[in-house]
Amino acid sequence: MDRLVIEGGIALHGEIPVSGAKNAALPLMAAALLAAGSHTLHNVPRLRDIRTMQALLGHMGAVCDHGDAMTIDTGNIHTLEAPYELVKTMRASVLVLGPLVARYGKARVSLPGGCAIGARPINLHLKGLEQMGVDITLEHGYVSASARRLRGAAITFDQVTVTGTENLMMAATLADGVTVLRNAAREPEVVAVAEYLVQMGARIEGAGTAEITIEGRPALTPGSIRVIPDRIEAGTYLVAAGITGGRLTLTHCIPDHLEALAQKLSAAGVRIEVDGSGITASRSEPIHSQDVKTWPYPGFPTDMQAQFMALMTLGDGVSIISEQIFENRFMHVLELKRLGADIELDGRSAVVRGIRELSGAPVMATDLRASASLVLAGLAARGKTEISRIYHLDRGYETIERKLAAVGARIWREKG
Ligand code: EPU
């Protein structure tokens, strides 16, 4: 298995181009199932999760080609199933459920099973579909869904769910009548999916607010869209500038999507400057410890919690980091401690006492964002850090070692 080796302690300087957002590209690829024909997605990142979604669509009969742009031809869908082998490696596979049952009246999707960051059930996806008239049965580890035609419904989510909102919004575009989604997720990725659906002929209002209204149509037509920049990748590199005391400009991003993080970074002593689609982070003062609570967008993203914690390990005081979205998203804590961090876990909070210096050590990646936090800590640590199980990183960060090496980091991948 590949590992990343980092010789830390170098302040990073330069520019990093931000890639397309994985969490926007995945639902956009699933949306292609809603209309037979050729869909074109620009700015799709080259990542393991994207290849998994390609394999899943391919299994169903779609022809997916990822050249300069990605084209997905859904003219010959023959298998309405998401098998366990693919779903178990990527929970976002469940995004095909809504589009399949809405377009073909049938779907069989494996239940995702366990996950490193929390239980992550899909009960809210299923409950919403049932409210739209879908007959759901659970058997042999699979969800079987069927309906002649979905009907519009008023659905209030018990909890904000990103892929749940996307799944039901996609399904509702082909339902008979109007669907209202309340307590909907407001993430930029949800808005991006709504934009594509509208381009395909859907009628959607309110995406980006907590109430989304969808008027069902008899059919949609394929279109073409550019995937929005990855705000979490961008956020991770902002922290890289902060933790190494360097100066990095991220290009091709949407700074508005990074507002909550930018505020916390500023308070922590990282200077943030915005210039159009560029955002620059630099630090020349000590790191000030800050408390953080994760929330659904526009709150502080759970997907940045681990990376921010890495920064806080070097803070000038005590920081309390509370995870509100996933009950088990602290797998990085024990690994950060191996680098010398002083962190105590107390239920859903971590108490981080800042220390003067981290020291390099072998560590293990446990999930995508936990791995990113270890890279950040390794960049700041004295000496050598070796991160194993980096296939987690490859799910969500395009050429991370090349991007970091280009701004001065001593980082490389070792095979074996
Ligand atoms: N939840 C339920 N029932 C459901 C759905 C969700 O109880 O049916 C709970 C979850 O267990 C969790 C909370 O609701 O406690 C929110 O989960 P959500 O459904 O919003 O998460 P998700 O849609 O599965 C997406 C991202 C995650 C990101 C979360 C939260 C994609 C493909 N994934 O997951 O991204 O952490 O939203 O913002 O969009 C990552 O990129 O590293 C990643 C994990």
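Before starting, note that the model is predicted: local features need pLDDT of at least 70, side-chain atom pairs count only at pLDDT 80 or more, and totals for chains, interfaces and linings use all residues. Residues are numbered from 1 along each chain as its sequence is written, and side-chain values use heavy atoms, with hydrogens and water left out.

**Whole protein**

Show the protein as a cartoon. It has 14 helices and 24 strands; these are DSSP runs, with helices (H or I) of at least four residues and strands (E) of at least two, numbered from the N terminus. The radius of gyration is 21 Å, close to the 22 Å that the globule rule gives for 416 residues, so the protein is as compact as a globular protein of that length. That radius is taken over C-alpha atoms, and the globule rule is 2.2 Å times the number of residues to the power 0.38. Along the principal axes, the C-alpha atoms fill a box of roughly 65 × 45 × 40 Å. Of the 416 residues, 58% count as buried. Buried means under 20% relative accessible area, exposed over 50%, and partly exposed in between (1.4 Å probe, protein chains only).

**The ligand and its shell**

At Ile325, a backbone N or O atom lies 2.5 Å from a ligand oxygen atom. At Pro121, a polar backbone atom is 3.2 Å from an oxygen atom of the ligand. A polar contact is a pair of N or O atoms within 3.5 Å; within protein, one must be able to donate a hydrogen and the other to accept it, and residues adjacent in sequence count only if both atoms are side-chain atoms.

Taken alone, the ligand exposes 830 Å², and the protein buries 88% of that. These areas come from the Shrake-Rupley method with a 1.4 Å probe; for residues, only the protein chains shown count as cover.

**Single residues in loops**

Go to His257, in the loop between strand E15 (247–251) and helix H9 (259–267). Its relative accessible area is 19%, so His257 is buried.

Move to Pro298, in the loop between strand E18 (292–293) and helix H10 (305–312). A cis peptide bond joins Tyr297 to Pro298, with omega about 10°.

Select Asn183, between strand E11 (178–182) and helix H7 (188–199). Asn183 is not a glycine, yet its phi is positive, about 55°. It is partly exposed, at 30% relative accessibility.

End at Arg389, in the loop between strand E23 (384–388) and helix H13 (391–394). Arg389 also has a positive phi, about 60°, although it is not a glycine. At 35% relative accessibility, Arg389 is partly exposed.
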